[in-house]
Amino acid sequence: MAIGVFGGTFNPPHLGHLRLVRAFADRFALDRVLIIPTFVPPHKASPDLAQAEMRIQMCGLLFDDPRFEISDMEIRRGGKSYTVDTLETLRAQYPDEPVYLLVGSDMLESFDTWYRAGDIRRMCTVVAAVREKGKALDANGAVLLENYDPIELSSTAVREKVRAGEDVKPLVGDAVAAFIAQHGLYTDAYTPYRRLLREKLGDYRLRHSFCVADSARELAGLYGADPEQAYLAGLLHDVMKDSPREAQLAMIAQGGAELTAAERCNPKLWHAMAGEAFLRTVLGFDDETLLNSVRYHTTGRAGMCLLEKIIYVADYMSADRVYDGVDRMRRLARQSLESAMLFGLSFTISQLAQNEQPIHPDSVACYNEILETGKDR
Ligand code: ATP
């Protein structure tokens, strides 16, 4: 009986792993493949590393094939997980069976630096598979898994998508996705909001919101505001923007605000008011600073606080923006928030004037205030 060995962090295991190990078992007619999650020493563990027990359970859910067996031998052994130790244990158990060790191409590249790599080669046949489609592989003493068509995927990408609130079923299968959701793995404090935004916004606006959140966090760091509050405000500033106009009006009414004449004739302003109302009445936010930063991110106003200015400017400078002058905007934003605001306000006010569209009095008041008090405060 030939034995296959496939080790990894499996944080989490994904369909790329599954396709690979199936191809491996088929190609070498293996009726037993040990899937061995590595122990990760506490000092190396990142906040993102799922507990060993959970990684084992996820492997059990994904590698659902009678030929595959999940082994906790490296986890029980603790310490540094050296493949050579694992192979020595297996060799003692199965002295006469051929053993095949499966590695992905990235692992193969560093194989010669592995602890006692020569002994590993002596104890087993190393089998290597490409991770990237169509890429030629230098065998480096291994047997290549010929004609293998990989799924280009990594656990890192899965974790990023979970954090971004994306559905990862297509990447890890239904069972592992449900496990990840049930245990809240790989999320951060903002994941529920990112998930909500995915429901409420189109792709373009979603990406914009993520970019504004990043810019807001950067500016908060530069100007001494709370980076986490800024990130959240940036993330949510356009939460109502892709909602139909009637829904925006209904949300404004739900929040108890009344439109002024200037607002009534300019539907492009509604999403900011509706966004503030949504955060307050639906999500239960009561942080007035954050609420105001959403409420005034389009028009600006006189007397803006630091966070309001940050969100206003972040919206103009975010990585997704491509208009003429955006580089200047980004430079100004890192020098003086007021200079950046003035640049943004001038840009918007002149565009509106050119198109004979109404200019909200808050924008004019904001513009005048910066000039009156000096933009280089
Ligand atoms: P991370 O992104 O966290 O580094 P990973 O996706 O590389 O994780 P590991 O658990 O580190 O997953 O990988 C275990 C083994 O599976 C390694 O030998 C790796 O090269 C291989 N491997 C991972 N993903 C693929 C894939 N999509 N195709 C082929 N091999 C893969």
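Okay, let's start where the domains meet: five residues of domain 1 are in contact with five residues of domain 2, contact being heavy atoms within 4.5 Å. Before I go on, this is a predicted model, where local features need pLDDT of at least 70 and side-chain atom pairs count only at pLDDT 80 or more, while totals for chains, interfaces and linings use all residues. Numbering runs from 1 along each chain as its sequence is written, and side-chain values use heavy atoms, with hydrogens and water left out.

So where are the domains? Domain 1 covers 3–183 and domain 2 covers 191–373; those bounds come from an automatic or database domain assignment. Their centres, taken over C-alpha atoms, sit 46 Å apart.

Now, the interface. About 400 Å² is buried between domain 1 and domain 2, with 46% of it on carbon and sulfur atoms. By buried area I mean the accessible area (1.4 Å probe) that two parts lose on being put together, summed over both. In domain 1, the most area is lost by Arg163, Ala164 and Gly165, together 78% of what that side buries.

How many salt bridges are there between domain 1 and domain 2? The count is one, using a side-chain nitrogen of Lys or Arg within 4 Å of a carboxyl oxygen of Asp or Glu. Glu166 forms a salt bridge with Arg198, and the closest N and O atoms are 3.7 Å apart.

On to the ligand. There are 21 residues around the ligand, and Asp106, Arg131, Ile151, Ser155 and Thr156 come nearest; the cut-off there is a heavy atom within 4 Å. Ile151 has a backbone N or O atom 2.7 Å from a nitrogen atom of the ligand. For Thr9, a polar backbone atom is 3.0 Å from a ligand oxygen atom. Arg159 uses its side chain: a polar atom there lies 3.1 Å from an oxygen atom of the ligand. Taken alone, the ligand exposes 600 Å², and the protein buries 89% of that, by the Shrake-Rupley method with a 1.4 Å probe.

Note on methods. Polar contact = N/O pair within 3.5 Å; in protein donor to acceptor, adjacent residues only side chain to side chain.
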